[in-house]
Amino acid sequence: MSYFPKDFLWGGAVAANQCEGAYQEGGKGLSVQDVLPQGIAGERKGIITDGPTKDNLKLEGIDFYHRYKEDVKLFAEMGFKVFRTSIAWSRIFPCGDEEEPNEEGLAFYDSLFDECLKYGIQPLVTISHYETPLGLADKYDGWRNPKLIDFYLNYCRTIFERYKDKVKYWLTFNEINSLMHAPFTSGGIRTPLADLTEQDLYQAIHHELVASAMATKLAHEIIPDGKVGCMILGVTIYPLTPDPDDVIKTMLHDRDTLLFADIHARGKYPKYIKNYFEEKGIHIQMGPEDEKILAENTVDFISFSYYSSICDSVHPGDAKETGGNLSHGYVNPYVKATEWGWQIDPKGLRYTLNRLYDRYQLPLFIVENGLGAVDKLVKGADGEWTVEDDYRIEFLNAHLVEAEKAIRDGVELMGYTSWGCIDLVSASTAQMKKRYGYIYVDRNDDGTGTLKRYRKKSFYWYKDVIATNGDSLDRTE
Ligand code: BGP
């Protein structure tokens, strides 16, 4: 018997820049992604191109811009209740600082959302998912500049007013904590990470936090029945040993993540960070109303991504280093890892859900989770091309079983959107071959492929999970 609530929001997630392509169509301006051919890993090595280059797979993505009707139909076939995507900011405001929006961009999302609603699929929209307009990066150094707050709010007002009857679930910034590690990808900050001080980073973050709170206010005014969440990169950390020093190090490391949920949920900077600022001589420039804005506009729910966990220690010895997209720690000898070295830890999801719920008592939403793996297209028994992705089914099943246990523990969980429900270009390495989808897309790292879609074995598995509201999950350990 399943413990998932009746109205549980089952679905999948993508981001505009990783699937839409059509980077120059419909009046779209460039975004930071159009100059990041090697993704976050490339940003770390300083690979940011002067303009779009042919090797950048995101320029064409999986051509979702032209094929969304076919794709949404496939999501509907799986029974999705919700579809998480982002709006490409530079489709609506091509340079980012215009006063008037680009009608063609707005019309595209009108028809995408209509297509979802036609099948009873609720859109869940990330307002900013690693795709700051390049104009804002070039002209203002991205979120380092407080002017970004006004540009973002103009964008928010435009999309809230336009889609108020179509979109009820909103996320303000994807993985807001990522700005500390990948400032160009996450916040359009042109100054390289090495040249940014902690003061600069926390100041940029402050601008985003205020913008997030103001967007929450605006959404509540324009869409009274809407719900706004923050979105946190859910780094789960264990002490490598029971040494109290490892436990304390882990607790402190944990705050790098929790800080962002703390401010969104409690409406103020916690004392631990104020003490840290004092110790480091960091002074955040605040507007006269900033504290009030944060206090009065906390989020309705907390959403997060969960892929893996890491360990931390003061004496790692010969423990190997590991991490996910933006996390860094040590290998846990009790868990396995993916082909990309991300540790597979379903029980860590139960732990994370409980930890967040105990701390905030707010509804939670898992908006990213999944296995990035190399898939092989084969002829199935029925003669149709497919992928026998039992490894993905095993991964997702195990995580959902643990999510269900968290619900039994008392956690209020609104929904689950697995990442990359259709294969797309990866964020960290900009590869196609790191696939997450229930739907295979014929596109290769060298840019070849027909872009044709194929249902994987996991497609049918997920369809069953949704149809039975989780009853069909395999709960044998
Ligand atoms: C998160 C991002 C996503 C996504 C995912 C998987 O950090 O929010 O955009 O891509 O990670 O990472 P990757 O694509 O690098 O495998």
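In this predicted model, the count of aromatic pairs comes to 33. One of them joins W89 and Y152, whose ring centres lie 5.8 Å apart and whose planes meet at 70°, so the pair is edge-to-face, the cut-off for that class being over 60 degrees. Because W89 belongs to helix α4 (residues 89-92) and Y152 to helix α7 (residues 147-163), the pair ties together parts that are 63 residues apart in sequence. Both W89 and Y152 are buried.

Aromatic rings also take part in arrangements with charged side chains. The charged end of K434 sits over the ring of W342, at 3.8 Å from the ring centre, and R435 lies over the face of Y440, with a distance of 4.0 Å to the centre of that ring.

Helix α13, which covers residues 346-360, contains 15 residues and reaches 22 Å from its first C-alpha to its last, a span close to the 21 Å expected at 1.5 Å a residue. Several residues of α13 are buried, among them P346, G348, L349, T352, L353, R355, L356 and Y360. The helix is followed by Q361, for which phi is positive, near 55°.

Notes: Residues numbered from 1 in each chain as written. Predicted model: local features only at pLDDT ≥ 70, side-chain atom pairs only at ≥ 80, totals over all residues. Heavy atoms only, no water. Phe/Tyr/Trp six-rings, centres within 6.5 Å; stacked < 30°, edge-to-face > 60°. Helix = DSSP H or I, 4+ residues; strand = E, 2+ residues; numbered from the N terminus. Buried < 20%, exposed > 50% of the residue type's maximum accessible area, 1.4 Å probe, protein only. Lys NZ or Arg CZ within 6 Å of the ring centre and 35° of its normal. Expected span 1.5 Å × (residues − 1).
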